[in-house]
Amino acid sequence: MTEAVAVEFQHVNKDYGSGSVLHDFNLTVPKGQIVTIIGPSGCGKTTLLKMINRLEEPSQGKVLVEGRDVGSADEVKLRRDIGYVIQQIGLFPHMTIEENIGIVPRLKGERKEERKERVERLLNLIGLPAEQYSKRYPHELSGGQQQRIGVARALASDPSIILMDEPFSALDPISRVQLQKELIHLNQRLHKTIIFVTHDIEEALKIADRIILLNEGEVVQNSTPAELLAHPANDFVIEFIGQERFRPSFPSGMAQHIMIDGLSISNISTISEALDLLRLNQADALAVTGNWGELMGIVGIEEISEHLQHDSKMKVGDIVKNGTCALFENTPISEVFELMQSQRILPVVDDQNRLIGTVTRSGVIEALGRHFHREETSA
Ligand SMILES: Nc1ncnc2c1ncn2[C@@H]1O[C@H](COP(=O)(O)OP(=O)(O)OP(=O)(O)O)[C@@H](O)[C@H]1O
Ligand SMILES: [Mg+2]
């Protein structure tokens, strides 16, 4: 059975007038996967993306989207049907966040109430609560927040193909890891074709089903991340990816291998019960769950002690800190380690945001300890 194809480049040449950027370029992008494109600056990544939604035309050859030549497609419709997140964000400054995200659904004639609901859902998805952000203007947001809005806007028309040109480059490392995870998670549910350009090799390896390494307008390697690491096509690949990545220094394994039970409490428990649980487990933070077992956030020993002095019957739900990072069962340990630098405890959730366990610092350290001990003894 042949794999369904989302985008295909057939013998494409691209010349901006000062020499060839792409020469006899051929590439097939399968449907429903996250494909990352990496390569040195100026190698033609943005040019490739722009030829898919016809912001640029090939000088020769054809680009097919879902089997149809984009050269004969209606440009406006094509762009509405393909999500696009660009390097410079590109929000409309005179429109509120709500209007920015809802722009394509509005152009497509979606009803106001439905649009409002969609925008709210998307804002919550990218971690910016609608009640706080929907009426603001882009200049009232940080660069990273604006970039998140760019992602939400690309998702708003529910396109089957989304082009992303370094969409997370302005984010701090924590938000970046969070958004990468959200993107992977989202695609496990929605099966969009995401063509994702990045400079960041770590990011490219992490989120990709397939990774395409370009150099000077040519595909140097097109494979899964695992194949790329196991069988780099040539010295350029090794140099570009970084020698050290071919000798992984982190234990393999995922959050599920080091998560534990018991460090969680329901939001309707009192803070003195929370303190008992902390004492019992000799821990300094707990994950807090709501009525359906969904993750609400975390509470730490400091907040609990502070409030205990005033009112020991206070509920955990009243002091929980929202907006915590969470892991999935399959989050790699290397990433858990990175996130652990800034949090005392990391909740692990399923695809419905229900808590299934927690990872603590000592759990991560133990895993690292075991790994390095094994390396030393086998060296
Ligand atoms: N509108 C244009 N006119 C002339 N040359 C262009 C134009 N756009 C891009 N180029 C050239 O085409 C080549 C590929 O550019 P492109 O923007 O696709 O690179 P890129 O791989 O996205 O780079 P970066 O990683 O820096 O974003 C570069 O040499 C660039 O200078
Ligand atoms: Mg570019």
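These legends describe close-up views of a predicted model. Residues are numbered from 1 along each chain as its sequence is written, and chains are lettered from A and ligands numbered from 1 in the order written. Local features need pLDDT of at least 70, side-chain atom pairs count only at pLDDT 80 or more, totals for chains, interfaces and linings use all residues, and side-chain values use heavy atoms, without hydrogens or water.

**View 1. The shell around ligand 1.** Ligand 1 has 12 residues around it, and S41, G42, K45, T46 and T47 come nearest. A residue is near if one of its heavy atoms lies within 4 Å. The shell has 7 polar, 3 nonpolar and 2 charged residues; Gly counts as polar, Cys as nonpolar and Lys as charged. Helix α1 (residues 45-52) gives the largest share, 3 residues. Helices are DSSP runs (H or I) of at least four residues, and strands (E) of at least two, numbered from the N terminus.

**View 2. Oxygen atoms of ligand 1.** A polar side-chain atom of T47 lies 2.5 Å from one oxygen atom of ligand 1. For T46, the distance from a polar side-chain atom to an oxygen atom of ligand 1 is 2.7 Å. C43 uses a backbone N or O atom, 3.3 Å from an oxygen atom of ligand 1.

**View 3. The sheet.** Four strands form an open sheet in the order β2-β1-β4-β5, with antiparallel pairing. Strands pair if DSSP finds at least two bridges between them. The edge strands, β2 (20-30) and β5 (68-69), each pair on one side only. Strand β4 (residues 60-65) meets β5 over 2 bridges. V65 stands opposite R68 in β5.

Definitions and conventions: A polar contact is a pair of N or O atoms within 3.5 Å; within protein, one must be able to donate a hydrogen and the other to accept it, and residues adjacent in sequence count only if both atoms are side-chain atoms.
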